[in-house]
Structure formats: C-alpha cells, structure tokens
Amino acid sequence: MKSTIRLVWILIVVAMLPASSRAQEGEKKGEKGFRAGAAASNITPRLGRKIVGNFTQPPATHVHDELQVRCLVLDDGATRLAFAICDSVGIDRSVFDAAKRLVQSETGIPIDNQLMAATHTHSGVSWNGKDDGDPEYAGFLSRRIADGIRRAINNLEPAELAIGRAEEAGQVFNRRWFLTPETKLLSPFGEIDKVKMNPGVGNQALLKPAGPTDPEISFLAFRALDGRHLALLANYSLHYVGGVPTGEISADYFAVFANLMEEKLNAKDKARPFVGIMTNGTSGDVNNINFRQAGPRVKPYEKMNQVATLVADRVYSALQKASFKSNIKLGAQWKEIILQARQPDAERVQWAKRTLAKPDDAPKDHPLERFYAQRALNLHDGPSQAAIALQAFRIGEVGITAIPFEVFAEIGLELKKQSPIQPCFNISLANGSGGYLPTPSQHELGGYETWMGTNKVEKEASVKITNTLLDLLNRLNSK
Ligand SMILES: [Zn+2]
C-alpha cells in the first residue's frame with residue numbers, strides 16, 4: 001500500500017515537471033542573449049454589460065469572438081519589457097496602473113518598462129473608471145492583463161527579430177471633411193465648425209479631407225531559434241472596421257489579423273502559442289469609410305475580414321524579404337506630463353444648465369445638445385489638470401512611442417518623420433484613454449473630435465506630447 005502511494009506521488013511529481021521547469025526557464029534572468037515570450041488571456045466581459053464606441057450603448061447579448069489581452073515579453077539579458085494589448089475601446093489609466101503594479105510586484109518588471117494599450121474595437125466594452133453597473137470588470141481586467149504577462153514570461157525562449165514595413169493606402173480614409181461653403185456646420189454648443197466628421201458617403205457637398213492618413217503597416221516578427229514563429233506585433237493607423245450586429249461583442253479586424261497571421265505563418269497547434277497582435281496607430285481622424293464612393297453592400301463581419309486579409313497579406317509578403325537577427329538591445333523611457341483639462345467658461349456653464357433644464361420634448365438647437373451640455377458640466381466639476389503617462393521604447397533598430405489618446409494621423413506622421421530612431425511607430429490609447437488628440441490647427445477647424453467633452457485636454461496638448469516623446473526617443477538614442 002505504502003509503495004503504491006509512493007509510486008502515485010512519483011507520477012504526480014513527474015507529471016508536474018514540464019510545467020514547473022517551463023516557468024523556471026522563462027523566469028531565468030541575466031541570461032545572455034535575446035529572448036521573447038507571448039501569451040493571450042481572455043478578457044471577455046459578461047453578457048449584459050454595455051457595448052461602447054457609439055452614442056447608443058446597447059447591452060451585450062452575444063459574443064461573436066472572445067476579447068483577448070495579447071501579451072509579449074522581451075528580454076535582452078539586461079532589460080525586460082512587457083507589452084499588453086487589450087481588445088477594448090479604451091481603458092482608464094487606473095486599470096492599467098493597477099495591472100502594472102501587479103506585474104511589478106509579481107515579476108519584477110518595472111512599471112516604466114510596461115506598455116498597456118487598447119485596440120479600440122468599437123464592439124467591445126471599456127472601463128472609464130466609473131461604475132457602470134459592473135464594478136468587478138475593472139479588477140478582472142487588471143488581473144487578466146497581469147496574468148497574461150506572467151504567462152508570456154513563462155513562455156520566454158531564445159529568439160530572433162525581423163522588422164519590416166508595408167503600406168495599405170486603400171483602407172484608411174480621413175473622416176473630417178471640408179464641405180461646400182453653403183453647408184452650415186453647427187456644433188452642439190451653437191458654434192460654426194469648418195469641417196464635418198463622417199459627412200456621409202457620396203455627399204455632394206464634399207470638397208476635401210481636412211487631414212492626411214498614414215498608410216504604413218509596421219511590424220516586429222519574433223521567431224524561435226528553430227524557426228517557430230512566436231509572435232508578431234503590427235501597427236496600422238485605422239480606427240476600427242465594424243460591421244458588427246447590435247449587441248454582439250467582437251474584437252474587430254485586430255483579432256482577425258492576428259488569427260490570419262497565425263495561419264499564414266503556419267504557427268497553429270504549437271506547444272507554445274503564437275500570438276499575433278495588431279496595435280492601433282494614430283487613427284483618431286481616420287476610419288474605413290470611403291466617403292467619395294459607396295462600396296458594395298456587405299454582410300456582418302465581412303468587411304473586417306476583407307481589411308484584415310489585405311493587411312495580413314501585405315505583412316506576410318514584407319516578412320518574406322525581412323531578415324531575422326538575434327542580437328537585439330532593448331530600452332524604455334517614461335515621463336509623466338501635466339496637461340490642463342479643458343473647462344467651460346462661465347457662459348458655457350450657464351448654457352449647459354439652461355440646456356439641461358429644458359423639458360425633454362422642447363425643440364433642440366442641435367440633436368446632441370443635451371449630451372454635450374452634460375459633458376461640459378462634467379469637465380466643469382472634474383479635475384483642472386490631467387497627469388499623462390508618455391513612453392518611448394527601443395526594440396533593436398525600432399523606436400515605439402505610446403500615447404494615451406485617440407491621436408490624429410498627422411501627429412503620428414510628424415513623430416515618425418522626426419524620430420531620431422528609425423523606423424519608428426506610435427501606439428495610441430496606451431496607458432490610459434483621454435479622448436481625442438487633435439493638433440492646435442485642427443482645433444481651429446472645429447468638428448466632433450475637437451468638441452469640448454470629446455476632447456478633454458488643452459488645445460496645445462499635441463505639441464507638448466510630441467516634444468516630450470521626441471525627447472524620450474533622443475534619450476533612448478543616446479544610450
Ligand atoms: Zn473611436
């Protein structure tokens with residue numbers, strides 16, 4: 001009897017060995033050479049939670065595809081970096097900060113070396129720091145992000161990196177337009193805008209877009225020394241695609257791209273999972289709608305598949321020409337800056353109070369006047385300043401910046417042009433979610449993204465953020 005028990009114990013211990021030795025292998029620090037590890041954790045909320053991304057927020061009644069946090073950990077023997085990209089429309093800084101503290105205390109990766117961002121799927125949920133009926137989701141989310149990073153650490157192994165770029169100009173459209181002079185564009189505050197967001201496909205009044213698009217697709221491909229693909233992190237400046245029926249949760253084209261890369265790289269069914277990641281570039285004013293010409297009618301989810309297929313094809317063919325290198329050095333820089341919060345003046349506060357006091361059935365000067373009156377009062381009652389976390393990373397030859405806003409394309413193009421580290425790309429909605437980030441000259445034009453409440457920080461914010469990020473990139477470059 002005793003020997004049977006001992007045998008059972010031996011069997012249990014032997015069965016446990018691969019798991020624990022994997023964790024130990026992943027944990028090894030100070031090991032020479034470049035290593036990479038990746039993992040994805042499910043962050044799908046319960047049904048009934050509100051789907052955000054539009055003015056109406058229907059409760060979730062179905063999950064089309066699970067939401068994930070896709071994690072990547074890199075180690076060069078001296079520096080360890082962690083990236084966690086969440087299928088979410090935007091995540092409050094408090095949730096990311098809680099996740100970062102968990103990661104730091106449980107793994108030792110410094111907070112400054114962690115980048116966490118949302119993809120901006122509009123058929124997901126967000127966490128805006130307020131209790132919207134599901135207070136547990138914030139805690140669940142930070143826990144799952146931290147677990148994903150721990151799992152990626154467990155999967156660390158010697159690796160090589162290939163970097164590359166491609167272009168897909170046919171799927172990005174600037175959504176802010178100048179219209180013919182007779183078109184009167186009224187803001188919810190009763191001011192005259194010079195441009196209109198989403199002016200309508202085939203609108204006869206279209207003149208020209210108010211800003212550029214960034215057609216670049218940047219990518220980092222990580223491969224084990226035996227040739228197995230471990231992870232691929234890409235970046236494209238497209239808001240999202242959509243085409244999701246009401247009430248359905250979906251990670252949008254970001255996840256379709258990730259799955260397609262797994263297929264194309266023949267990376268399925270491996271003991272260590274391949275993790276594809278699509279990050280959101282600078283797409284605050286860029287979407288997938290061709291306003292000049294209506295496309296054919298498509299079924300739900302069809303368009304996101306088309307876009308993801310095109311983008312994945314571009315990345316795959318660029319990857320065939322890229323070369324893998326193993327001597328990769330890593331770096332991270334972090335700085336917090338204080339921005340003034342946008343606040344209504346006394347006149348606008350009075351307007352907001354008057355507007356909200358109107359009976360529900362009273363005639364409206366603008367369909368969204370109540371909504372923006374409330375937003376203006378929220379800013380009035382809120383903090384007068386915002387602490388903004390900015391980051392820059394170096395992964396081998398590549399520079400990456402992280403910005404906690406929905407960043408206009410021209411800001412990203414400027415950073416790419418001026419970066420001392422080339423190539424360079426930008427990840428938006430990172431380390432927080434602070435609304436839209438237009439440039440001062442786009443503020444002059446007005447339009448949805450500049451309205452007080454959709455935009456929450458001072459009008460000079462993009463200049464301060466760009467200068468700080470270039471400073472961080474310079475610091476990385478001089479090391
Ligand atoms: Zn958006």
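Reader: What share of the 479 residues of the protein counts as buried, and what makes a residue buried?

Author: Of the 479 residues, 54% count as buried. A residue is buried under 20% relative accessible area, exposed over 50% and partly exposed in between, with a 1.4 Å probe and protein chains only. This is a predicted model, in which local features need pLDDT of at least 70, side-chain atom pairs count only at pLDDT 80 or more, and totals for chains, interfaces and linings use all residues. Residues are numbered from 1 along each chain as its sequence is written, and side-chain values use heavy atoms, with hydrogens and water left out.

Reader: How do you know which residues coordinate the zinc ion?

Author: Donors are N, O and S atoms within 2.8 Å of the metal (3.2 Å for Na, K and Ca); water is not among the atoms, so sites may look incomplete. His-120 (NE2), His-122 (NE2), His-239 (NE2) and Glu-406 (OE) coordinate the zinc ion at 2.0 to 2.8 Å, and they therefore meet this definition.

Reader: Why is the arrangement around the zinc ion called irregular?

Author: Four donors count as tetrahedral if all angles lie between 85 and 135 degrees; four count as square planar and six as octahedral if opposite donors are over 155 degrees apart and all others between 65 and 115; anything else is irregular. The 4 donor atoms here subtend angles of 77 to 155°, so the arrangement is irregular.

Reader: Why do His-120 and His-239 count as buried?

Author: His-120 has 4% relative accessibility and therefore counts as buried. His-239, with a relative accessible area of 1%, is buried as well.

Reader: What makes β14 mostly covered?

Author: In β14, 8 of its 8 residues are buried. Strands (E, at least two residues) and helices (H or I, at least four) are DSSP runs, numbered from the N terminus.
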